[in-house]
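Dear colleague,

Please find the structure below, handed over for your study. My findings on one of its interfaces follow.

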Amino acid sequence: MLAALVVGGLLKPVMALAAWNKEAFAAKSPGDALNSLGASSTEPSKGIVIDAPQIAENGAVVPIEISSSIPNTTAIAVVIEKNPFPLAARFDFKDGALPFVKLNAKMGETSDVRVVATAGGKHYVATREIKVTIGGCGG
Amino acid sequence: MMRAITCGAVLALAAAPALAQSQFEKYQRMTAEGSPVELFELVGEDLWKKPQGPNNVSLEKCDLGKGPGVLRGAYAALPRYFKDADRVMDLETRLLHCMTTVQGRSPEEATKRLFGNADKPSEMEYLSAYVAAQSQGMKLAPGSTHPKEKESYELGKALFFHRAGAWDFSCASCHGEEDKRIRMSELPVLSTPKAARPVMATWPAYRVSNSQFKTMQWRINDCYRQMRMPEPVFGSEATVAMNMYLTTTAKGETYRGPGTKR
Amino acid sequence: MNRTLLWMFGLAGIAAFALPAFGEPNAREVTEVLKRDFKARGQATMDRVVQDGLQRICTETHDKPPAEVAKALEADQMKTIQYPSGSLMGDWKRAEKMAQSGRGAMWSDKPGVAAGGSCYNCHQISPQETSYGTIGPSLLGFGKKRGNGPDMQRYVYGKIYNAKAYSACSQMPRLGYSGTLTDEQIKDFTALLLDPASPVNQ
Amino acid sequence: MRATLAGGNTDVRVLMTHPMETAQQTKGAPYFIQNITVKVNGKPVIEGEISQAISRNPVFSFRLKGGAKGDKIEVSWLDNKGETNKTETAVA
């Protein structure tokens with residue numbers, strides 16, 4: 001549909017990209033954010049792996065690597081519970097991509113990081129706590 | 001220090017110190033893997049090759065010690081004595097020299113913006129990233145034979161232990177004893193090869209705490225700021241001597257920068 | 001400060017201490033380099049590169065002056081401590097906040113704005129702050145262990161005012177003597193360590 | 001951007017230059033990338049939506065199934081002011 005509009009010149013290619021779930025990203029609680037994503041009910045899964053340091057020396061850059069081994073995972077959402085706007089990112093993985101992403105996130109304070117994976121219309125969840133500390137002056 | 005305090009948050013850290021340390025190492029490793037340091041190298045390459053100044057020539061005519069335009073291994077052999085300037089220079093000092101001599105730029109113009117910020121890194125920062133990267137895999141071997149090189153090393157060493165300023169600090173106040181930290185950051189004892197080697201092998205560096213690429217001249221400058229001292233002049237003999245002392249202490253280490261720091 | 005005394009020790013010191021390897025410039029030569037290669041910026045003025053006698057002796061002995069020199073330096077520094085009249089115990093709550101701040105006396109700090117104590121950079125203090133440095137000793141339970149009588153109050157106030165009066169080449173800044181902290185602030189820090197209600201003593 | 005074959009898959013690492021400013025930093029007008037698209041030989045394989053909680057100068061790693069030397073990888077992004085950017089590389 002969108003492709004057709006682009007071809008027809010009704011939308012610039014740029015606009016076709018612009019799906020951004022404003023409601024979910026503006027949500028101020030993890031629950032509201034997940035509701036807006038249609039993922040209000042989730043089931044814990046060991047198939048989601050969150051790799052991150054337990055302690056981050058700086059909250060401005062917290063590396064988080066996420067992968068899902070749940071068959072047919074089509075989406076991954078990253079929720080940083082204590083952030084003012086908890087939803088940090090979500091990704092749709094189409095045919096040709098593996099459900100894997102590594103990113104750097106900002107964390108205002110020590111918090112649980114909740115990852116929700118979508119597979120076969122169901123939502124699975126895993127969490128991991130990351131502590132944020134204060135570093136010194138050097139480097 | 002202040003910046004870390006304003007952007008850092010707090011902390012129900014019941015972790016044992018050993019665990020904390022292994023997790024900090026993991027943090028360092030993961031941030032290094034996700035570092036944008038290559039972006040700085042790429043822009044630096046463009047600037048290196050860009051004709052500039054009244055002479056409208058690029059820095060490819062600049063001799064960093066291995067001959068005009070030769071970059072491979074040049075950074076790892078600095079600081080060193082340069083006959084044309086009759087003094088010891090580190091990378092940034094030499095680049096500045098080339099901007100004024102080779103490119104014909106005025107010292108005022110070339111030194112106008114030596115330290116950049118997160119929104120706009122400086123030319124010097126980009127160039128340092130690019131030039132330093134061309135020494136990856138080479139052993140640090142600063143000049144050590146010319147009398148002025150020896151003199152520079154001795155001055156740097158004396159500066160390291162020299163106490164002055166409003167708070168009576170020397171470099172050794174923070175970097176003089178094993179197993180100490182400021183807040184949660186480990187402090188390397190930079191007068192020992194063991195500690196100096198990994199540090200000097202990874203500067204210049206991208207600082208994730210403020211998303212900025214930082215040169216060694218900046219590192220020295222900012223230490224003196226926090227030592228409550230007046231400001232060292234960029235490229236002055238004192239700053240080059242400090243760099244010479246630290247690099248000589250780290251000599252033999254394989255260069256693997258530009259690095260990524262907390 | 002008794003500069004004459006310090007200069008005398010300084011001069012005697014240079015001759016007596018096993019010192020620098022051939023070629024290493026002495027403290028006075030380094031000071032000349034600093035005068036040439038540094039420039040004033042903001043409140044960090046050039047008088048700061050001029051060492052006082054204590055800084056010079058600590059530099060030339062790598063912070064290990066002979067015992068009798070250390071004793072004389074400490075006695076000399078002790079004379080700089082100015083105790084305010086009245087109680088030395090201020091408000092620990094204000095101090096806890098100031099202990100967190102690393103600001104003050106840098107060229108990047110606005111002159112006239114109250115400095116912090118930089119305390120957590122080097123010391124463990126309140127148990128709930130776990131991002132603390134270790135250059136100085138832990139101060140957890142300080143008052144509980146040592147009591148908070150008048151002598152202890154004088155000691156803590158004095159130590160913060162001028163740490164060198166108790167240990168000549170201590171790495172702790174002379175926070176009162178250097179003009180970094182006000183009397184009121186030092187009183188607050190004294191309470192942080194000694195007040196029974198302070199988190200330090202819980 | 002780098003795209004390399006590893007263990008039968010293609011690892012993609014992409015760097016973007018962007019301040020990624022939060023509402024707090026800008027006192028109300030956040031400035032950040034919102035959308036990311038990864039394409040292989042012109043076909044979209046990953047669509048991402050991100051927030052101001054992603055760090056400045058974002059770096060992402062993705063993993064694509066299979067792949068062959070020379071495959072064309074394109075990553076494009078769009079920020080909340082409507083500015084776009086893209087980068088391309090061939091799998092090495």
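B:Glu231 and C:Lys39 form a salt bridge, with their closest N and O atoms 3.6 Å apart; the term stands for a side-chain nitrogen of Lys or Arg within 4 Å of a carboxyl oxygen of Asp or Glu. Across the interface of chain B and chain C, 8 salt bridges are found. This is a predicted model, in which local features need pLDDT of at least 70 and side-chain atom pairs count only at pLDDT 80 or more, while totals for chains, interfaces and linings use all residues. Residues are numbered from 1 along each chain as its sequence is written, chains are lettered from A and ligands numbered from 1 in the order in which they are written, and side-chain values use heavy atoms, leaving out hydrogens and water.

Strand S7 (231–232) of chain B pairs with strand S1 (residues 38–39) of chain C in the antiparallel sense over 2 bridges. B:Pro232 has C:Phe38 as its bridge partner in S1(C). Strands are DSSP runs (E, at least two residues) numbered from the N terminus, and two of them pair if DSSP finds at least two bridges between them.

As for extent, 43 residues from chain B and 56 residues from chain C take part in the contact (heavy atoms within 4.5 Å). The two chains, B and C, bury about 4500 Å² between them, 57% of it on carbon and sulfur atoms; buried area is the accessible area (1.4 Å probe) that two parts lose on being put together, summed over both. B:Arg163, B:Trp167 and B:Arg183 supply 19% of the area that chain B buries against chain C, more than any other three residues.

With kind regards

Key:
Helices (H or I, at least four residues) and strands (E, at least two) are DSSP runs, numbered from the N terminus.
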